[in-house]
Amino acid sequence: EKLDEKVIKEVESVQRKAITSFGRFNVIAFMPRLGKIVFRKKWKELYQIRHNQESVLIPLIRARQEQEKKNQKGESIVCYVDTLLRLQLPDGGRKLTEDEMVSLCSEFLNAGTDTTSTALQWIMANLVKHPHIQAKLVSEIEGVVKSGEEIKEEDLQKMPYLMAVVLEGLRRHPPAHFVLPHAVTEDITIDGYVIPKNATVNFMVAEMGWDPKVWKDPMEFKPERFLIGDVDGGEVFDVTGTREIKMMPFGAGRRICPGLGLALLHLEYFVANLIRDFEWTAGYGDEVDLSEKLEFTVVMKNPLRAHISPRIK
Ligand code: HEM
């Protein structure tokens, strides 16, 4: 919040470049040494992207370090970079290098923004496509918060249909169709298949949420399936998968997304406010197209174009 708009735009620009180029560099991981010669141009481009990130992020990290030195008594707001600066690694208590901090900041920025904004766009697209769901959601919100009043965090707890819409969005359009690559620490046999030590293991996140053996009409957008007591619904849905795994948009287990709670809160908050204050309809001649495209996350191939009009005239 304290940064100039210009700096924020620079951060956005270097991070966006890193995200949108990400798929093109996978190939160099297969032949790291030989690839330096074969894919010389690709390596050069990759270094340039990284260099641009460093020139934008390192001054911000150093500024925070200076701030910390000056302000020994401690500021009340602790930001992510402060926690990295203070961190001492378990292996011998060494501090993180600037390089490592750039990578961690980059991961945090991408993991914490692109995922949520992608999920939000998919959810809004479905609300445009299904006006009856939008109407039902507005009526739930209006039953909890008076017209013109701010929708607060505690109000969201009283909106089960809102949560159902968010969960249905994450089931039908998980921003990540795979989790981050995992590996096993020793050879292991599951269901007769040997998984060798260090082999990359991943999960078909999207397919799990679309499995017709688990979900009725899986390709339909039906938030009701997450309502307690509904014909297709059941008990309170556990998105962390501790009891059983029917979908895992945030992964599951030890490496589950650490931003899960914040992500759900952001999604509920944005959807509630955008829908309560505006009516969202398809723009003239603009059909909502749910085709997908893989960027860093799986995004709308044809981004949502909607007509919005204030509900309160
Ligand atoms: C709808 C929004 C989000 C979705 C769908 C999502 C999904 C995921 C998934 C699938 C993973 C990989 C889990 C695994 O490897 O098993 C992950 C990891 C991660 N997420 Fe999220 N995420 C979201 C929002 C956020 C937010 C808001 C933050 C931070 C504020 C965040 C921070 C992270 C980080 C740091 C990791 C890496 C954790 C690790 O390396 O163990 N995510 N997320």
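Reader: Among contacts in the chain between residues at least 6 apart in sequence, what percentage join residues at least 24 apart?
Author: That share is 66%. Keep in mind that this is a predicted model. The chain has 10 helices and eight strands, and its C-alpha trace spans about 60 × 55 × 40 Å along the principal axes.

Reader: How many of the residues are buried, as a percentage of the chain?
Author: Buried residues account for 21% of the 313 residues.

Reader: Let's take a single case. Is Cys257 buried or exposed, and how do you know?
Author: Count the C-beta neighbours inside 10 Å: Cys257 has 20. The label "buried" asks for 20 or more, so Cys257 counts as buried.

Reader: Where does Cys257 sit, and what does it touch?
Author: Cys257 is in the loop between α9 (205-209) and α10. If you leave aside its neighbours within four places in sequence, Cys257 is in contact with Phe250 and Gly251. The UniProt annotation "binding site", from an unreviewed entry, covers Cys257.

Reader: Which residues come nearest to the ligand?
Author: Of the 21 residues around the ligand, those are Gly112, Thr115, Gly251, Cys257 and Gly259. So Cys257 turns up here too, a residue that counts as buried with its 20 C-beta neighbours inside 10 Å.

Reader: Which helix gives the largest share of the shell around the ligand?
Author: That's α5, with seven residues. Both α5 (98-129) and α10 (260-277) supply at least two residues each.

Reader: How does the shell around the ligand split by class?
Author: There are 14 nonpolar, five polar and two charged residues.

Reader: What makes α3 and α5 roughly perpendicular?
Author: The axes of α3 (residues 40-70) and α5 cross at roughly 100°. The range for "roughly perpendicular" is 65 to 115 degrees, and therefore α3 and α5 are given that label. Their axes also come within 10 Å.

Reader: Which residues make that contact?
Author: From α3 they are Gln53, Glu54, Leu57, Ile58 and Ile61. From α5 they are Glu98, Met101, Val102, Cys105 and Ser106. By class, the residues of this contact divide into six nonpolar, two polar and two charged.

Reader: Now some loops. Why is Asp191 called exposed?
Author: Asp191 has 4 other C-beta atoms within 10 Å. The cut-off for "exposed" is 12 or fewer, so Asp191 is exposed. Its place is in the loop between β2 (188-190) and β3 (193-195). The phi of Asp191 is positive, about 55°, although Asp191 is not a glycine.

Reader: And what makes Asp217 exposed?
Author: Asp217 has 10 other C-beta atoms within 10 Å, so with the cut-off at 12 or fewer, Asp217 is exposed. Asp217 lies in the loop between α9 and α10. Its phi is near 40°, a positive value in a residue other than glycine.

Reader: How do you know that Ile190 is exposed?
Author: By the count again: Ile190 has 9 other C-beta atoms within 10 Å, so it is exposed. Ile190 has its place in strand β2.

Reader: What separates the C-alpha atoms of Ile190 and Met247?
Author: A distance of 20 Å, with the two residues 57 apart along the chain.

How values were computed
Residues are numbered from 1 along each chain as its sequence is written. This is a predicted model: local features need pLDDT of at least 70, side-chain atom pairs count only at pLDDT 80 or more; totals for chains, interfaces and linings use all residues. A residue is near a molecule or strand if its C-beta atom, placed from the backbone, lies within 6 Å of it. Helices (H or I, at least four residues) and strands (E, at least two) are DSSP runs, numbered from the N terminus. Ala, Val, Leu, Ile, Met, Phe, Trp, Tyr, Cys and Pro count as nonpolar, Asp, Glu, Lys and Arg as charged, and the others, Gly among them, as polar. Axes are lines fitted to C-alpha atoms, for helices over the stretch in contact, and angles run from 0 to 180 degrees between N-to-C directions. Angles under 35 degrees count as roughly parallel, over 145 as roughly antiparallel, 65 to 115 as roughly perpendicular and the rest as oblique. Two residues are in contact if their C-beta atoms, placed from the backbone, lie within 7 Å. UniProt positions are given in the numbering used here, feature names are shortened, and annotations may be inferred rather than shown by experiment.
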